[in-house]
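Please read it alongside the sequence and the coordinates.

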Amino acid sequence: MSGPHGVVLGVGGYAPRFRLPAAAVEDALGAFHARGVESVAVPDADEDSLTMAAAAAERALAAAGTTVEAVEALFLAATTLPYEEEAAPARLASMLGVSETARTAQFGGSTAAGGEALNAALDADGVALVVAADAPRGATDEAVGQAAGAGAGALVVAPEAADADRVGEVTELASFTAAYPGTRFRERGSEETTGLGVTAYDRQAYRETVAGAVDALGGPGEPDAAALQAPDGDLPFRAGRAIGVNADAVSAGTVAADVGDAGAASVFLGLASALDDGSEETLLVPYGSGGVAHAFRIRADCRVPVRQTVGGDRTLGFAGAQRRRGAFDSGVPAGGGAYVSVPSYRRTLPQRHRLVAGRCEACGSLAFPPEGACAHCSARDGYEHVALSGTGTVEAVTTISQGGAPPEFVPQQARAGEYASAIVAFQGPDGGAASVPVQVVLADGDAPKIGDEVVAVKRVLYDQEGVRRYGVKVVPVDARRP
Amino acid sequence: MRDAYVIGAGQTAFGAFPDESYRSLFATAVDRALEGADGLEPRTVDEAVVGTLGVGGRQIGLSGPAVTEYAGLSVPTTRVENACAASGYAIRNAVQAVKSGMADVVLAGGFEVMSDVSADAAKYWLGVSGETEWERLTGTTFAGTYAQMASAYLDEYDATVDDLSRVAVKNHANGAQNPRAHLGFECSLEEASGGSVVADPLTLYHCCPTSDGAAAVLVASEDVAESYDAARIAGVGAASDRVGVFERDTYTSIPASAAAAEAAYEMSGLGPDDVDVAEVHDCFAIAELLAYEDLGFCERGEAPALLRAGDTDLDGALPVNVSGGLKSKGHPIGATGAGQVVELYKQLTGRAGDRQLADADVGLAHNVGGSGGAAVVTLLEAEP
């Protein structure tokens, strides 16, 4: 199939800041089996596929200059969501503020899910947000587990664009399916992806399926970059040779050497990297074991806007990475007492996810949360809902030492150590500020000082009764990655 | 309205007592209060008001009758829950009952058992009086909330971590003379400032312990009081505020404390200058500094100077927490407010033993619930 299928208005990318170097794994275990991987991204204790999806989606919207209100469809692709059953796009939509009447869909089943989500977006009538996020896991002594990284990529897609100078055009798309059982799979109920490790068979499955999709596309053309599925840092180059794309183009379209296997997000992160470097013709080929591949050709006469936070800036040792992944976390202690029920948590999602405060109808001051009598004038005249800005100033702060956390937060401390807790004054849209208690995500253990500026991020708060709670935390501005 | 008097008061030791139950502890406190009132007969008591939080989940419903019936007081009993200010409020209710004429003798007290649950389970319960939906979900218990207030105080005023430690050094020195104190040992400034950090800037020495214990106070009308060693309840004031610190206009004051003090001073006709001895709510060291200012003992920001000058030492112009305070004497949540009044009653009636103050005529008790969602201030005056 050829011809214009839609346009890409903007691309976002996100990967956790922590890196586990291949050398650290080799030192610890005596061997490192993931070819072409120099380091893998390790999620923080309070990050998962959904929080990374939100981070990438926010960046894609910002890059595209699209307001969240304009999003008419939200498509989420992932193989490692926190729940095997439960509509994940609903949580993502709430975190982002996507309209309740937007069309949503969830794609999984293999790492080709991102391609399927993109196909759905290109078929949609209006502005669609496509997000792929993953944090695969595997046995620590197997190649799949050692390659396992993390990340998320997002695209804002529309049928057409008013400003053709800033978009990428999807000129062709194609798919190819070939049954190859046993190359890479995860059994029901398991956290770990594995495979039989029949190397020649695995490579053939990947090569044949990717090449089949590219053939169906009408050949590789002469891309500046080829974002090929990267289960490790070596397979994309093997596939490149098979389909006739040079190593430079493959290299320009993969970040696997740095972040490892990002699952369904792999090719979107590759695309973000390629477009950010100015690629005018990009081949995008998500592949999923089993197997299926989808191929897209994206042409841009000029730069497609990209916003990404992918590069790592903190290195973990082997034990440190295992700790963050939860190897030494024995869960929430038994107890009783303080408790926030799921329905009462759900009632506050606009506040937890989007910092929705209220302007008192009587005195005009800002209230957070916007309910009950106004703390300023005691009136109960109601509130006009207003979203606080995502930046604020620390008013009071403490660092909670290990052992000092409420039980719900014990697993987080077991994985990531101390955290800070602060009262932050967030600015309102038309002046004024509201004070909000928030946790501070620490990269090194240095809490911000009173008066320091912080930025809101979405993270996991805690799990209770099997239900994960997400909410706003903050990162000190001076500790942010560029 | 007629006056109300304390005619007897007693408490158990505060500490960890695996062989005692919440009922046996309360009964001991009742016995000591009755003994203090020259063996007043239990049947003379008209009603009882009991404060407890219910840490551990023991008998959360009907916890009042559960202890008064055990202690042999078959009287109408009301349980008061205002977190750590529960029994301070119980005493206020007793004063209201006596002043109104509905009762002539009311037993007001409280109890808590906190040492018989795991450290992990205790944290579930220590958090229950914080603002649960928002504050707690940032990962704070009370140490964290008071630490945030301390951060704001140290940022705003000329105060240091050593000033927090001076509170601990003073109160431990006082508690070392109190045989019923939970942590009856002395500590040095270096130990206090160098202690392991619980929630920056608060170290372990800046935090009170979790204790078992009970306390009981007999509040009676003037007619009854004439026959006993009595201290007049000159005034009692109480106030509420937002439960979450983030919901308040200030983090360097506990507005409910200031409002409760103002009401108590107004009712009594007394002022901060008249106070000879005070038991203040020092659950965390910063809380004692805030109390000095909220209670009018000094101007805003001057609490560290007052402390450094020794004014609140045992031999100072205004001794504070001569019992050791929550810091050293201990903090069995529901018993703490009544325990403060037990100490004042002893001081004002000359029964304080080794730590008896020479000229104590007016005593002030200051009891705070949570991080300031409730506060109650009681002023006692010695009978001439």
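A residue is called buried when its relative accessible area is under 20%, exposed when over 50%, and partly exposed in between, with a 1.4 Å probe and protein chains only. This is a predicted model, in which local features need pLDDT of at least 70 and side-chain atom pairs count only at pLDDT 80 or more, while totals for chains, interfaces and linings use all residues; side-chain values use heavy atoms, with hydrogens and water left out. Residues are numbered from 1 along each chain as its sequence is written, and chains are lettered from A and ligands numbered from 1 in the order in which they are written.

**Chain B: overall form and cysteines**

Chain B contains 13 helices and 11 strands; these are DSSP runs, numbered from the N terminus, with helices (H or I) of at least four residues and strands (E) of at least two. Of the 384 residues in chain B, 65% are buried. Along the principal axes, the C-alpha atoms of chain B fill a box of roughly 55 × 45 × 35 Å.

B:C283 is buried, with a relative accessible area of 5%, and B:C298 counts as buried at 14% relative accessibility.

**Strand β11 of chain B**

Strand β11(B), residues 374-382, is mostly covered, with 8 of its 9 residues buried. Two strands are said to pair if DSSP finds at least two bridges between them.

| Partner strand | Residues | Bridges to β11(B) | Direction |
|---|---|---|---|
| β8(B) | 231-240 | 9 bridges | antiparallel |
| β10(B) | 362-369 | 8 bridges | antiparallel |

B:V236 has B:T378 in β11(B) as its bridge partner, and B:H366 stands opposite B:V377 in β11(B). A hairpin with 4 residues between its strands is formed by β10(B) and β11(B), and B:G370 in the turn has a positive phi of about 60 degrees.

In chain A, 3 strands form an open sheet in the order β16-β15-β17 with antiparallel pairing. Its edge strands, β16 (366-367) and β17 (383-387), each pair on one side only. Strand β15(A), residues 356-360, is joined to β16(A) by 2 bridges, and A:G358 stands opposite A:A367 in β16(A).

The lining of the second largest pocket divides into 22 nonpolar, 8 polar and 12 charged residues; here Ala, Val, Leu, Ile, Met, Phe, Trp, Tyr, Cys and Pro count as nonpolar, Asp, Glu, Lys and Arg as charged, and the others, Gly among them, as polar. The largest share of this lining, 8 residues, comes from α2(A). Elements that each supply at least two residues to the lining include α2 (49-64), β21 (453-464) and β22 (467-476) of chain A.
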